[in-house]
Amino acid sequence: MTHAYDEVHLDDAMETLGGAVEYAVLFCDISGQEFLDLFLVSGVADEFARGNVKFISGMSGIELAGYILEKCGKKASDITEMPYIDYPPEYWIGWILAYYQWYTGKTFASICKRISYENLCNLYGALHEADPSKAVEVFNGIVQKDIETNLARLRKERGLSQSQLAKAADISVRSVQLYEQRRSDINKAQYNHLQAMAKVLGCVPDALLEQ
């Protein structure tokens with residue numbers, strides 16, 4: 001999997017976004033969901049996701065949140081240093097969002113469209129002491145729920161059943177089913193499978209891959 005940016009910046013990014021959410025929610029009278037929305041509309045989320053070091057490494061959490069709030073016409077708190085709180089939910093939410101975005105390369109907009117601040121609060125108890133890979137697994141389940149794979153979407157657009165596609169591509173029906181159910185990772189499929197299905201569906205192989 002291709003990550004969003006060089007891993008050398010990951011710890012900084014997680015700490016910065018974690019601190020930004022903590023500062024905004026606990027000290028600026030901004031709700032968590034509102035801050036995530038401001039993070040998106042300010043354009044900072046896009047820069048953060050691209051690994052712009054100005055935002056992920058060049059600012060503290062307080063500075064990042066202050067920048068976002070000012071850009072959106074909101075008032076920030078006057079504090080310049082947050083009192084120590086042992087790993088609060090607000091910090092974890094920003095911290096794990098930064099990790100998940102880096103790990104998957106998805107946009108923050110696409111993530112936050114499927115995973116709300118309330119969802120994250122509800123997951124804190126079960127996940128905040130777990131390895132981040134566990135959160136990736138859980139978040140993937142939420143993000144992918146009820147969303148068709150590219151393979152299923154393109155197959156239906158062409159008016160083909162799973163068995164018709166399998167026969168035309170000379171692969172097993174079970175393989176098609178497993179790819180569409182995400183029980184087999186199509187991004188790791190044999191290239192000849194991808195090529196054969198893409199040829200039948202009239203698209204390039206990359207169009208079948210998942211983001």
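## Arg-158 and its salt bridges

Arg-158 counts as partly exposed at 37% relative accessibility (buried is under 20% relative accessible area, exposed over 50%, partly exposed in between, with a 1.4 Å probe and protein chains only). Its side chain meets that of Glu-157 in a salt bridge, 3.4 Å from N to O (a side-chain nitrogen of Lys or Arg within 4 Å of a carboxyl oxygen of Asp or Glu).

This is a predicted model, in which local features need pLDDT of at least 70 and side-chain atom pairs count only at pLDDT 80 or more, while totals for chains, interfaces and linings use all residues. Residues are numbered from 1 along each chain as its sequence is written, and side-chain values use heavy atoms, leaving out hydrogens and water.

## Links across the chain

Glu-210 forms a salt bridge with Arg-182, with the closest N and O atoms 3.2 Å apart. This pair links distant parts of the chain, 28 residues apart: Glu-210 is in the segment after α13 (191–201), and Arg-182 is in the loop between α12 (173–180) and α13 (helices are DSSP runs of H or I, at least four residues, numbered from the N terminus). Arg-182 is partly exposed, at 25% relative accessible area.

Lys-74 pairs with Glu-34 in another salt bridge, the closest N and O atoms being 3.1 Å apart. Here, too, distant parts are linked: Lys-74 sits in the loop between α5 (61–71) and α6, and Glu-34 in helix α2 (residues 32–41), 40 residues apart.

## Helix α6

Of the 16 residues of α6, 14 are buried, so the helix is largely enclosed by the rest of the structure. After α6 comes Gly-105, with a positive phi near 75°.

Notes:
Helix = DSSP H or I, 4+ residues; strand = E, 2+ residues; numbered from the N terminus.
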